[in-house]
Amino acid sequence: MTHRIAIENSDIAFDCASGQSVLDAALQAGIELPYSCRKGVCGSCAGGIALGEVSGVNAGTFRNDTCSADQVLYCLCAPTSDLVLKPLSWKRLDPSARKKFSAKVYSNELVAPDISQLRLRLPAGQRAKFQAGQYLQVLLDDGSQRSYSMANPPQESDGVTLHIRHVPGGRFSAQVAQLTPGDTLQIELPFGHVALREENSRPIVFVAGGTGFAPVKSILDDMLKRRVKRPMTLIWGAREASGLYLRAAVERWQKQWPDFRFIGALSDVAAEAIGDAYAGRVDQALLAHCPDLSGHVVYCCGSPPMAAAVRSAAIDSGLAANDFHADVFVPGPAAVQP
Ligand SMILES: Cc1cc2nc3c(=O)[nH]c(=O)nc-3n(C[C@H](O)[C@H](O)[C@H](O)COP(=O)(O)OP(=O)(O)OC[C@H]3O[C@@H](n4cnc5c(N)ncnc54)[C@H](O)[C@@H]3O)c2cc1C
């Protein structure tokens, strides 16, 4: 049965088909609500229901510990009556913004023992339009997709740069090291909600795990190009020093912004070899180096458990829950986009 969904204090209303999630119905109707993983992990789509009732899609759960008492996860709930939503934010999507390209491998460099930096070029004259922090999907020949964040800033729009960790046995990522210049990949972009608001000038702490550095790099390079000035800290974690693979980018930011603070966190390195890095996980480094996060914004990118640990540490340090933004690298094929 179809239900009607409206957004509080707006003229927006759309239909939601039986069994469809509130988030999918909104995206299908061209309305973007905050979201990232679309699998109930990251909590980015948590929002309120001002009127009406919901149940879990496929009778599953529709809350997690990122939800406050009056919130549900729009990606996991379906209406059982007409609804009025009270989302944290919303905007109209531009239907012509997302495009498919046949992109050619321009270069493929091993930047760490298990990480490829893959540069793709778009066909001559075509431009990739995206915002810093968004991701693309690689379309595989079995019909599935894999998501990868752009690591280049949007101003460099004749191609995209990806940082891809080789997951042992992974259908796509384990093959990436074999790609050579001239090989073609089918890609579609852009995807993803842009969590960071431009007008915000409060101190920001970026927390990246492994290749979660890719969207952070895009955001910081974009800020650099736009000469944004605000207090910034980057905490970047890996098991070993080689996992902090693009130190030159960090040095560039430090040179450009003398107050830019960088903390490398290494979780699997003997104390005598740790150097100036923090010995431990990124959530522990956050607690140690940023004990008071009131008035800050935290942007976190990495695996689901890492994002959950960072969120909990940030809130323990006084961060307001609404000021935590996460892009979560949920493993496996991407959820189908409506
Ligand atoms: C929004 C978004 C952005 C992403 N951006 C990036 C990025 O910039 N760089 C990047 O390297 N990855 C990124 N990912 C992860 C990426 O989309 C793939 O999931 C990953 O590369 C594995 O794909 P695969 O085909 O090799 O493995 P699959 O064949 O899909 O999986 C093989 C097996 O490995 C497991 N697995 C898959 N990924 C992981 C993992 N990361 N850790 C542990 N086990 C895993 C699977 O559960 C499965 O059992 C992102 C994911 C999302 C949702």
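**Notebook: sheets, domains and the ligand shell**

I started with an open sheet of six strands, which runs in the order β19-β18-β17-β16-β20-β21 with parallel pairing. Strands here are DSSP runs of E with at least two residues, helices are runs of H or I with at least four, and both are numbered from the N terminus. I count two strands as paired if DSSP finds at least two bridges between them. The edges are β19 (278-279) and β21 (324-328), each with a single partner strand, so one side of each is left without a neighbour in the sheet.

Then I noted the basis: this is a predicted model, where local features need pLDDT of at least 70, side-chain atom pairs count only at pLDDT 80 or more, and totals for chains, interfaces and linings use all residues. Residues are numbered from 1 along each chain as its sequence is written.

Next I looked up β16 (residues 204-209) and β20 (residues 297-302), which pair in the parallel sense over five bridges. Phe-206 has Tyr-299 in β20 as its bridge partner. Helix α4 (residues 282-289) packs on this sheet and touches β16, β17 (232-238), β18 (261-266) and β19; contact means C-beta atoms, placed from the backbone, within 7 Å. The direction of α4 makes about 145 degrees with that of β17. Axes are lines fitted to C-alpha atoms, for helices over the stretch in contact, and angles run from 0 to 180 degrees between N-to-C directions.

On to another open sheet: six strands in the order β13-β12-β15-β10-β11-β14, with antiparallel pairing. Its edges are β13 and β14, each with a single partner strand, so one side of each has no neighbour in the sheet. On average, neighbouring strands of this sheet are turned by 40 degrees against each other, direction ignored. I found seven bridges between β11 (residues 115-121) and β14, in the antiparallel sense. Leu-120 stands opposite Val-160 in β14.

For the domains, I have domain 1 (3-92), domain 2 (99-191) and domain 3 (204-328), with bounds from an automatic or database domain assignment. The C-alpha centres of domain 1 and domain 2 lie 30 Å apart.

Last, the ligand. I get 24 residues around the ligand, with Gly-170, Arg-171, Phe-172, Ser-173 and Pro-331 coming nearest; a residue is near if its C-beta atom, placed from the backbone, lies within 6 Å. The largest share of the shell, four residues, comes from β13. Domain 2 and domain 3 both give residues to the shell around the ligand, so it lies between them.

Notes: Contact = placed C-beta atoms within 7 Å.
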